[in-house]
Each structure stands twice: as structure tokens, then as C-alpha cells.
Amino acid sequence: MSEYSEIDPTGLVEAPRGRATRPTKATLRERRKRRIWPTLIPVGVFVFFAIFGPLIVPFNAVSTNIVDRLRAPGSVLSNGSTAWLGTDQVGRDMLGEVIAGARLTLIMAIATIIIAGIIGIVLGLVAGYFGGWIDNVIMRLADLQLAFPGLLLAILIAGVLGPSVRNVVISLAVTRWVTFARLARSSALSVRKLDYVSAARLLGASHVRLLSRYLLPASISPLFVLGTVEVGSVVLSAASLSFLGLGVPPDQVDWGSTIAAGSDYLLSAWWISTMPGIALAGLVLSVSVLGDKLQARFAAARSR
Amino acid sequence: MNNPVTARRPRLRGIAVAGSLVVAIGLAGCSSPSAAAPKVPQNLTVAFSQETVDLNPYGSADAQQGLRVVDNQIFDTLVTQDSKTGKYVPSLATKWSQPDSLTWLFTLRKAKFQDGTPVIAADVVADIKFLAGSASPLSSLWSTLASVSADSTSVVRITTKSPLGTMLANLSLLEIAPASDITKSDFGTHPIGSGPFKVDSFTPQSKLVLSGFKGYWGGAPKLSTLTFADIPDESARLTALKNGEIGLDWVVSPDQVSVVSGTTGISLQESDSDAYFFLWFNASQKPFTDVRVRQAMWYAVDTKAVTKNLYGAAGAQMTSPVPSSVFGSSTQTPYAYDPTKAKKLLAAAGYPNGFTTTIMFASDSAPLIQQQAQAYVSYWAKVGVTVQLQAQPTAVWLQNLLALNWQTELQENFATTGDADYTLGRLYTSAANRTGYKNPKLDTLLSDARATTDQSKRKTLYAQAGKIIWDDAVGMFPIQERDTYAVRSTVKGFVPSVTRAPSFLTVSIGN
């Protein structure tokens, strides 16, 4: 990140747009590079399957079929159907399992981002807007938390709370709010002294109104970009927790737990760990490419 | 698979031969060359499928396989069971007699503990008293003990309130430790025994390092060190075996046999086993207070299909609450897979729409235990019973198990003494209260069977007790196992054991 600064460490805060100049060939090429929709396609595919997949390929984590266990991809099962991605150690269809895992993984990731985002934005804006001791308390708390490796803290919290989807979201949200808080704070710092905010204050706008109507809108786009970038790493953290047995309980499946269950079979039934592994890598990669594009787009918009 | 260690070995041997030639030529002028091959270091690291949380043979973990396997190396018992004949043979005790039906006299051999002090009768007396009075899962074996005393330094007198037909079986599980040692606080981590190996260091659930005890009465073991590495993850264990980190792995789960079979330098040894699975229902809690619910749970599961598809050649369907090889096993009427009957029974018991419950087990504690639990959960879901999996770490599981803090519970169990008293007589009495099931008639049968020394009468009594346990569905008894050991070819003289606690006295390392 080239534009690192104290008040905007992520370089994402959007500056007011200047007037557009006539595009040259070089800028057109640049723009094509920054085109966002191609990177939306793979992400969209994952989201589509997470929402509608379980309707197309029904899957029940509890229902096992031990007659057809450990079948290789493409095998025809005893009921005549074909397991395109093979079956796992208790005979569940891997295709259904990967899709069901996509749904649970995305639900956990998005819920985490929303909760961490709300906590982080509120605390960050408050810190940046009021300054003084409030700012000090909140940001030192954030620093304190950043001193711990995020996943380690999540493991600790998840270990205490026990395995469940809700607890994964709680433990990841607790470790993720800091990034949002820092960004919201820096944007609040840069905006709060601007004329239109001062004008509103002189007109008698309350703190709540100033925060929600003046400071929040100014920081919402970079926060949105940050949220997108974070999805990838939250998906990875959620999968890590499940892999360690601290994520979803054993009667639910997400990618992390399926990979863990398949690790005993890496040499004999490689597909159990590999299929959700590919899906996980694909999702994280496409989300982070999308995030990079969005970031570049906002950084460019800012520099113009 | 080309193994780097075995591939390298011939070259190393070549270097060694070349080296010894040089030495030989150098020495030729001074003395006659010796042709002795270089001595292979006698250090062996092994790993088995269960965790060792504690070494205290009188503690809460003393019925756990993770403890029995390692304590078998550290301690001696008065008698041991010959694995071929099933007879009890002398160990620390050289001979024994029964002056009357309530009294036993045991004569000890001259043996030393690993700290150099001799094994005397007072130690045995203290050990038996301590175990009988402790809260250990094995203490119920000694419920009929009246008194134990030392006639001399080498003769132990045990008297019982009623005749004890299982005296020798009980003593084959009683590890002998110095009287002064058993109450020490570090007894669970650094115990002293009179067995062939002594404890060098122990880190629970990680590593146990033993070294050979030169003064062992049965001759010094060939190994200088024997290390038990705790590797709960099976694929990690097999990888460790393949790259030579460990020399022996047992038991290999049926799914993993194909991974190691055919590997150069590793051979598979199959063995009969006294291991089996049971799934208990907590009869002290609703809905399992009702016998119809317990039976319905069993009828709802196709144990035959589970055995065949999960375990294949490594498992057989059980016909009684103890494995068929055990003294006192019988043939009971199997619970055929019948979901309709299961639903009817549930409806009759007042659960037409099923109920929600949990199944507790210790994760990674037995081959395919989670897969087995998942299969049951799937079958039960078909009759409307929702069962949540509770996979727990071994130490937590054990605590909950003994506190009856569970609803249904799946575990691998061992008929360690080869006698039905060890399982039936120990686990299913009202006094032991391990399952919440209480039946005075069963109590009488089991105590009669324990008190009788007439073996054919005992057999009949255990058949009757087995029928009650089976028909009342105190638990489900699905699968008895056959074990596979994976052994590196450098490990010589290893013999598997039905108890999964093999002896390492005569094991050595070769080329």
C-alpha cells in the first residue's frame, strides 16, 4: 500500500471526486484492468451454490450410507446415482457435502463480518469523532487485542464456548472488529473537521445525527471494500477452527471439518479432503482478487 | 512405495563393512581381527491407538487401555494369563494354594523393585487394600475381600467373605508397587514397579520413555530404551511408521490397512482380540428408563451392515454381551434390523414422535469410532430419534462416564482377563452403577457366578446374566474386533497380544 498515512492506514478513504478528464489509451487499459465484473463471476458462483445448491443437490449431514463409503469420484452408488466427487468415510455424497459446506462457511463468514463490522464501525467512529480519553481507551483496547495473533484468540474463545456455528461467529467477530474500528476512526478523523460537518454542528445537529448522517456515509465505501477483503480471511479462520474441532459440531459439515475428517484418508481416499480444499482455495482466492480490484478502484478514484 | 530409510540402509551397511575392513587391516598387524558385526542400538519407539493420561494403576484411569498397555511394561502382577491356553501361570507369585474355599495363600518369588528394594508380602498386602478401598473402576472386583495379611515376608494370605471364583483373574490385573510408593503424589507420573522396564520420563498424552531394568527377575530385557509416543492421529502414526520414526503401530484401523500393506520394510500381523464395542443407554435418565425405548434403539440399527461395511474382516457381530472368545459368553437372540418394530416400541413407550438425545464417545479412542457413531445416528434418525454427537477428549469423556453424565455412550471395551466376571460382574451390578441399570436378580446371578469355583456352573450363570443384560438392552453390543499390528522389519521377536498389551521383554532391534 503506497499511500500509507497515520490517519488512513489502509489508503481506502475516498476523497471527493475531481472532474474526469478525457481518457487516453493508457487509462483505458488501466480501467480494463480494474474492471470488477469478471472477478464477480467466481464469487457469484459460490454464492449461488450456497443459496440454491442445497435445493439442487440435497444433503443431510446426519444421513449416512455406509454401504457406499469411500467411493472414488464418478462411482455409481448402490441406489443407481452417481457420486461425481466421490463419497466420504460414512458414505455421504461429497458433492452435496461440499455445497452444504459452502452454505455454512459463507453464513459464518458473512455473519462474522456483519457483527465485527457493526462493532468496529461504531467504536471507530465514536473514537475518531470524540477523540480524547474515549479515543485513547478504545484504540488502546484495539492495540492490546492486536498484540495477540487473531486465530490464537479465536481458538481460546471457541475452546471455552464449545463447538457451534454461533460460537464460531462470536469468537471470530471478537477478533475481527479492530480492523474495522481503525478504518472507521481514521475516516472520522479526516472528515470531522470538514466544513459541511462543522456547518451541521453549528446548526445544532446532535452527536448521533452527526455520526450517522455525516461521518458514517463518508466512510462507508472503504469499509465495504474492507468487508469484502476480510471475507476471505474469515472463511479461512472459520475453516481452521472447524479443522481443529472447535468449529461446527460433528453433526454439521463445513469445509474445515470435512478436510479434517478426510485427513485420515489422504493416502487411500484423497478426494474427501481435496474437494472441499479446492472449494476453499477457490473461494478465498476469488474473494481476495475481488477485494484487491475494489481497493484499487477506490485508491484510483481517490488519487484522481 | 520406496522407503528412504530402507533404501539407504544397504549403502550404510556398505560403508560400515568398508570401515570395518579398514580397521581390520589397520589392526591386522597387532592382533587378530574380530568379525563381530556392529551392534545395533537397542532403542525402540512404538505408538498405539489410545492415549495414556496417567500411570497410576489404582487410579480412575486404571481400566483404560492407554494405561494397561504401558503399566504392563512397568509392573508385574502375581499371576498372568497365558494367551494360548487361557490358564493363569506364575509371575511374581511362584505358587498358590487354597486351604479352604475362602482362603488363598500366595508365595512370592525373590524379585526386586526398580529402586533395588525387594518385593515383600507387605507390599502386596498394601496394594490390595489400597485398590479395594479406592474409587477406581477396578475396585468392585474386590468387593468380597474380607482381609489380606502377610504370613511371612514371602507369603500373602487373602481371605474373602464368600468364595471368589475370579481370584486369579483379579490378581492378573493387580500391579504390584512398593507399599511406601502408592500414596505418593507423583505415583501417577513416576511409579516404581518390578516389571522389565522402568520409567525415565512421562509427559501425559505425549510421551513415555522407559528404560530396560537390568535386575528384572525374568532376565534383563533386550531393549535399552522403550518409548511410547502418543500420536492420536492415525495417519500421522502410519506416516511415523513409514519413515521409521516408530517401529510398531497398533491397532491399524480397517480403513488404513491398505495404506501400509505392501510397504517395503513393514509387515502386518493379525491377532485375535478381546476388544469389542458397546453402546450403553443411561437407564437412570428418561427416556432410557423404559426397557422398550432401549430395545427400540437396538432394533432401529442394522448392526450386521455396520459391522460388515465399516469393519469388514476386522470385526464380527456379537452374540452376547461379551466377545465370543471370553469365558462365560453365550449365544443370545439377535436383534434383527426392524425399524417398524422399533417405531412400535417407541410409540408404546410414549414416544411416537421420537425424542432428542446425545451419544458420547472419546474421539480417536478406537478404530472408526466416530464413523460408527455417525452410522447409528443416521439409523436412529430414520425412526424419529434425533441424536447429537458428543465427541470428547479422553480425559473429559472418562470423567463424564464415571459420573453417569451422559445419555448414550459408545466405547471400545476390553474383556482383559478373558473371564466374563471382568466385564459383566464388574460393570453391570447395581453397586457399580455404571449404566444406571439396576436389577437385583442380575446382581444375584453375577455374585453367585463370582462366588462359585465350579466352572461349568459359572458358565451357566453367566449365560443367564448375559441373557438379562442382552434382552433388557442395558446396552447395544454390536461388534467384536480383530486387531492388526504394523511392524517394521527391524523389530524382532514381537508377538501380538489379545489384550493389546504385548510384552516387550524379548523384543530386540535387528538389521
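Predicted model: local features only at pLDDT ≥ 70, side-chain atom pairs only at ≥ 80, totals over all residues.
Residues are numbered from 1 along each chain as its sequence is written, and chains are lettered from A and ligands numbered from 1 in the order in which they are written.

**Domains**
- Chain B splits into domain 1 (21-75 + 188-269 + 484-509), domain 2 (79-171) and domain 3 (273-482), with bounds that come from an automatic or database domain assignment.
- Between domain 1 and domain 3 of chain B, the C-alpha centres are 33 Å apart.
- Their contact uses 18 residues from domain 1 of chain B and 17 residues from domain 3 of chain B; two residues are in contact if their C-beta atoms, placed from the backbone, lie within 7 Å.

**A four-stranded sheet**
- Four strands of chain B make an open sheet in the order S4-S5-S7-S6, with antiparallel pairing.
- At the edges sit S4 (93-100) and S6 (145-150) of chain B, each pairing on one side only.
- From one strand to the next, the twist averages 20°; axes are lines fitted to C-alpha atoms, for helices over the stretch in contact, and angles run from 0 to 180 degrees between N-to-C directions.
- S5 (residues 103-108) and S7 (residues 155-160) of chain B are antiparallel partners over five bridges, and Phe106(B) stands opposite Val156(B) in S7(B).
- Helix H3 (residues 121-132) of chain B packs on this sheet and touches S5, S6 and S7 of chain B, with its direction at about 160° to that of S6(B).

**Cis peptide bonds**
- Trp250(B) and Val251(B) are joined by a cis peptide bond with omega about -5°, and Val251(B) lies in the loop between strand S11 (248-250) and helix H6 (257-260) of chain B.
- Another cis bond runs from Lys286(B) to Pro287(B), with omega near 0°.

- Leu368(B) isn't glycine, yet its phi is positive, near 60°.
- Leu368(B) counts as buried because it has 25 C-beta neighbours inside 10 Å (buried takes 20 or more other C-beta atoms within 10 Å, exposed 12 or fewer, partly exposed in between, with C-beta atoms placed from the backbone).
- Leu404(B) also has a positive phi, near 55°, but Leu404(B) is partly exposed, with 17 other C-beta atoms within 10 Å.

Notes: Pairing = 2+ DSSP bridges. Helix = DSSP H or I, 4+ residues; strand = E, 2+ residues; numbered from the N terminus.
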